[in-house]
Every structure is written in C-alpha cells, then in structure tokens.
Amino acid sequence: MMVTFCISLIALVLGYLLYGRFVDSVFGPDDRETPAVAMADGVDHIVLPNWKVFMIQFLNIAGTGPIFGAIMGAKFGPVAYLWIVLGCIFAGSVHDYFTGMLSMRNGGASCPEIVGKYLGEKARKVMRVFSVLLLLMVGTVFVFSPATILQGYGGTALMWIICIFVYYIVATMLPIDKVIGRFYPVFAIALLFMVAALMVCLFVEWPQLPELWSHPENMGKAADSSFTDQVFPCMFITIACGALSGFHATQSPLMARCLASERKGRAVFYGSMITEGLVALVWAAVSMYFFYGEPAPGYQIIEAVGNKGFLTSAPAVVNIMCNSWLGLTGGILAILGVVAAPITSGDTAFRSARLIIAEAFHIEQRPIPKRLLVSLPLFGASLALLIWQVEDANGFNTIWQYAGWSNQALAVFMLWAITVYLVRQKKNYWITLIPALFMTCVCTTFLFISKLAFHLPEGIAYIAGGVCLVIAAVWFCAWMINNNKNQRK
C-alpha cells in the first residue's frame, strides 16, 4: 500500500492552501512599488510575467536537490516522509517566502544584507563570506557532476567542463530575461512532467511500500550494516532542498527583483517550495519501492546497468527508474533531471554570488565591465576548486558533504534574521522561532557527531547539541526582553 505517501501528498497541498495563506497574512503584502519597477535596470531588476517567475524560482531552488536528496533520504525509510512534509510546510516554505518578501521590502537585497539588517554588522560580514563560499561549492559541484555524465554520451569530461563553464559565464553576465527567462521555464516544465509521469506510474503500479507506523525506525541499518547514519541529525542534512535549504535564501532575491507585485509572493516563494516538496515526495516513494518494496525490493526485480542494490547511487536510481517505468521518454527526462537541472542551479549560484559581492563593495552592475570585474575572479576560484576536485579521488564527496552542512547552516542564519524581524514588527514570531531552534540543534549536533568535524561519541554529541539548543533559546529570550524594554522607552 501507499497510505503514508497519499496522506503526505494531501498534507502538502493543504499546507499551501491553509498554512501558506496564514503565513502570507502574518507578513501582510501590499501594493507598494516593488524593486522590479522602482529599480528597473534591464539586467537584474526586470519585471517578468508571474508564471515565468514561478517557474524560474522553482528550477532555481530545485536542481537535483529534491531528487538526489530524497533518494538518499529514502534509505532511512518512511521517516523521510515526515521531514519532507513537515519541513516543507513549516520550515522551508516559510523560510523561502520571508526571504523573498524581505528582499522585496529592502530593494531586492541579497541574503547577507537581510541578515545584516536584523542580526548586525558582524553577522552580515560572516554571511557574505559564508554565502559566497557555499555558492562557489554549489556551482563547482554542478560543473563536475553533469560533465561526468555527459562524457558517457561522447566527448571528454574536459570538453564538457569547458562547455558548461562557457555557458555559466554567458548566463551569469547576460540580463536575466535573455537566457534564464527564456529557457528555464521550459526546463521547469520538463522536470514537472517527469515527476507527474512518475506519480501516475506509482498509482498505476500501486507498489507495496513500507508505512511509517510499521517501520518508524532507520531501515537503512537493517538493509546494510555499513549504513550507520543516525536519523537525527543526518537525515535533516541529507534531505535539504525538498524540505529546507539555505541555498534557497540566495535564490529568492533573484526573483524578488522580477516580481511586479508583492501579492504574488505566496504563489511564487511559498508555492514553489511546496512544489519542490512534491518532487521530493514522489522521488522518496519511488526510491522506497527501489530499496524496500515488498515482497521484494525493486532493485531485485529490475535488471539494469548500474544497479548495486541498496548501495545504488542517486543518479543511477534516477536512470534505472525512469527507463524502467517511463521507457525512452523516461530516459530522456532522466538525463534532463541529472544534467540540465544541476547546470541551471549552478549558473544561478554564480549569478547570486556576483550580486552578493557587488552589493558588499557597492559595484554598479549595469555596465558590462563591472559585471566582468566581479564575475571573473569568481570563475577563477571555481576553476581552482574544480581542478582540486578532479585530481582528488574523494574531492566530489568532500565538497558535497561540506556544502550539505553549510547549506543548512545558512538556513539557520536566515530563520533567526526573519524571527528578529517578526519580533520587531510585533508579528507572530513563533512560525520561524521553532524551525530556527530546531535547525540550530540539527546543525550543531551534526558538527559534534560528524566525521567532518568533532566526531564525538553519539551520546556526548546529542548532549552537546541539546546544550546549544538551550543556549540559543536563552539567548533569544534575553534579547527579546531587552528589545521589548527598548521599544517601550
């Protein structure tokens, strides 16, 4: 049966209709002039049709994140559904919505500027460096992974790396309506078509999937003794883009500069995150069939190249399931999913980095030479990182793991900044305070338990993460009491 999947599907839709409307009412959009109109420059601040803004926002924040993350997260079992649904409705969509809306209220400001306004100058400086480094890692990873896949269809990896880099430079430099505005909606529609087709196949096949109430434990440990990742905090780092992602905070301001009305913010920012959650949910269900289908898992039924059972890589699962369930069309869509999607996220990563640096140093971006002044050093740094990644056999995994934690840590900064904004505006701050506290605990615990950092014994790591949670809560309460006193003066 697929009862947990169906309930999760309905919950996401209701989340947009009910909680999304509530969040929108807390912010209170109005008819003021948006940056796309007031600051139109023909490069980054351009009014685009609302449907295009939605499609571009969806593809910008999606990439392969809700696909690969959901596949890897499905190895934990049905508990992955919980994080996708609850994380998407109460954390990720709220995070993306407020980031986009606050950007519009602040002249299209990027995430470091928003954080700096509400958390202080030191936080602004940290976020500038942190954001650019994350975007560099994302952009570099999304050069290497599609190049290695395309290599299998002809040419060399170097040739494809050069082609992708040339595209990145062009897309980063040109006005947003020239390449991104024209082609991204097409790629977004193709990605949605793939997911819709897989959903239809799920209902037609109606496979026997493990349910949350029958398998609440970490099923990965039972499937493979080497799978030792803890549900908490590892699953909340693994499934990022399909539930909550700090990378989205770097992307929402891009579209905040293209909306003609604040009243479209819920559909664009909250709605695109719910749509991404649907993508993650479908792929989690498909992967659940592949890893744990009953009476036999899908990998035992489907004969395919690259099938390594429970240890099958995420890109291989995409190719196997799309080809198996969707045929030739599925194979084409699979290539689109694992090649075009990361490339489109990569170029907007570089575009966001360009704008963050330009804001930090007050460099006007309308003249082409000034765009080059900011962009070329970025691509030079990415190229150096890429060379190291290619020469080091474990380079890809290392960058990806650091990017995963950095991604969620960035979300923590944004959630705290939004919470401070809501407190100062005397609005309902609980809607971001709870996710901020939870993700603070997740990110700190991950540092204590991960081999990438302190690698403490599990019990000690959990205690240390709990201590960090208490410190964050006490710190916030002390700040709020002081803030309320200052406002009464």
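# Briefing: pockets, cavities, salt bridges and buried residues

The second largest pocket has a lining of 23 residues, and those nearest its centre are Leu119, Phe413, Trp416, Ala472 and Trp475. The model described here is predicted. The structure also holds ten salt bridges and two cavities of 30 Å³ or more.

**Second largest pocket**

- The space in the second largest pocket comes to about 790 Å³.
- At least two lining residues come from each of helix 6 (111-119), helix 7 (121-151), helix 17 (395-424), helix 18 (430-449) and helix 19 (458-488).
- Helix 17 gives the largest share of this lining, with seven residues.
- By class, the lining of the second largest pocket has 19 nonpolar residues, three polar and one charged.

**Largest cavity**

- The volume of the largest cavity is about 40 Å³.
- Its lining consists of Ser110, Thr250, Pro253, Leu254, Arg257, Ser352, Leu355 and Ile356.
- Helix 12 and helix 15 each provide at least two of the residues that line the largest cavity.
- Four of the lining residues of the largest cavity are nonpolar, three are polar and one is charged.

**Second largest cavity**

- The second largest cavity holds about 30 Å³ of space.
- Around the second largest cavity stand Leu59, Phe187, Leu191, Leu336, Gly337, Ala340 and Ala341.
- Helix 9 and helix 15 are the elements that give two or more residues to this lining.
- Helix 15 has the largest share of the lining of the second largest cavity, with four residues.
- The lining of the second largest cavity includes six nonpolar residues and one polar residue, with no charged residues.

**Helix 3**

- Helix 3 covers residues 50-62, which makes 13 residues.
- From the first C-alpha of helix 3 to the last, the reach is 18 Å, close to the 18 Å expected at 1.5 Å a residue.
- The buried residues of helix 3 are Val53, Met55, Ile56, Gln57, Phe58, Leu59, Asn60, Ile61 and Ala62.
- One of these buried residues, Leu59, is also part of the lining of the second largest cavity.
- The cover over the buried residues of helix 3 includes helix 4 (65-74), helix 5 (79-105), helix 9 (180-205), helix 12 (247-256), helix 13 (265-292) and helix 15 (314-361).

**Salt bridges**

- Asp44 and Arg351 meet through their side chains in a salt bridge, at 2.9 Å from N to O.
- This pair links distant parts of the chain, 307 residues apart: Asp44 is in the loop between helix 2 (35-38) and helix 3, and Arg351 is in helix 15.
- Asp44 counts as buried because its relative accessibility is 3%, under the 20% limit for that class.
- Arg351 is buried too, with a relative accessible area of 0%.
- A further salt bridge joins Arg105 to Glu262, with 2.7 Å between the closest N and O atoms.
- Arg105 in helix 5 and Glu262 in the loop between helix 12 and helix 13 are 157 residues apart, so this pair also links distant parts of the chain.
- Arg105 is partly exposed at a relative accessible area of 24%, whereas Glu262 is buried at 2%.
- The side chains of Arg32 and Asp30 form a salt bridge with an N to O distance of 2.8 Å.
- Arg32 is partly exposed at 41% relative accessibility, and Asp30 is partly exposed at 22%.
- A network of salt bridges links Asp30, Arg32, Arg105 and Glu262.

**Buried residue Gly20**

- Gly20 is a residue of helix 1 (residues 3-27).
- The relative accessible area of Gly20 is 2%, so Gly20 is buried.
- Leaving aside residues up to four places away in sequence, Gly20 touches Gly15, Arg266 and Tyr270.
- Gly20 and Phe90 are 70 residues apart along the chain, and their C-alpha atoms are separated by 9.1 Å.

**Buried residue Met2**

- Met2 belongs to the segment before helix 1.
- With a relative accessible area of 1%, Met2 is buried.
- Not counting residues up to four places away in sequence, Met2 is in contact with Leu202, Phe203, Trp206, Pro207, Leu209 and Glu211.
- The C-alpha atoms of Met2 and Pro210 are separated by 7.9 Å, while the two residues are 208 residues apart along the chain.

Definitions and conventions. Residues numbered from 1 in each chain as written. Predicted model: local features only at pLDDT ≥ 70, side-chain atom pairs only at ≥ 80, totals over all residues. Heavy atoms only, no water. Expected span 1.5 Å × (residues − 1). Buried < 20%, exposed > 50% of the residue type's maximum accessible area, 1.4 Å probe, protein only. Contact = heavy atoms within 4.5 Å. Salt bridge = Lys/Arg side-chain N within 4 Å of Asp/Glu carboxyl O. 1 Å grid on protein atoms, 1.4 Å probe; cavity = no way out; pocket = protein on both sides within 12 Å on 5 of 7 lines; lining within 4 Å. Points joined across faces, edges and corners; volume = space filled by probe spheres on them. Nonpolar A, V, L, I, M, F, W, Y, C, P; charged D, E, K, R; others polar.
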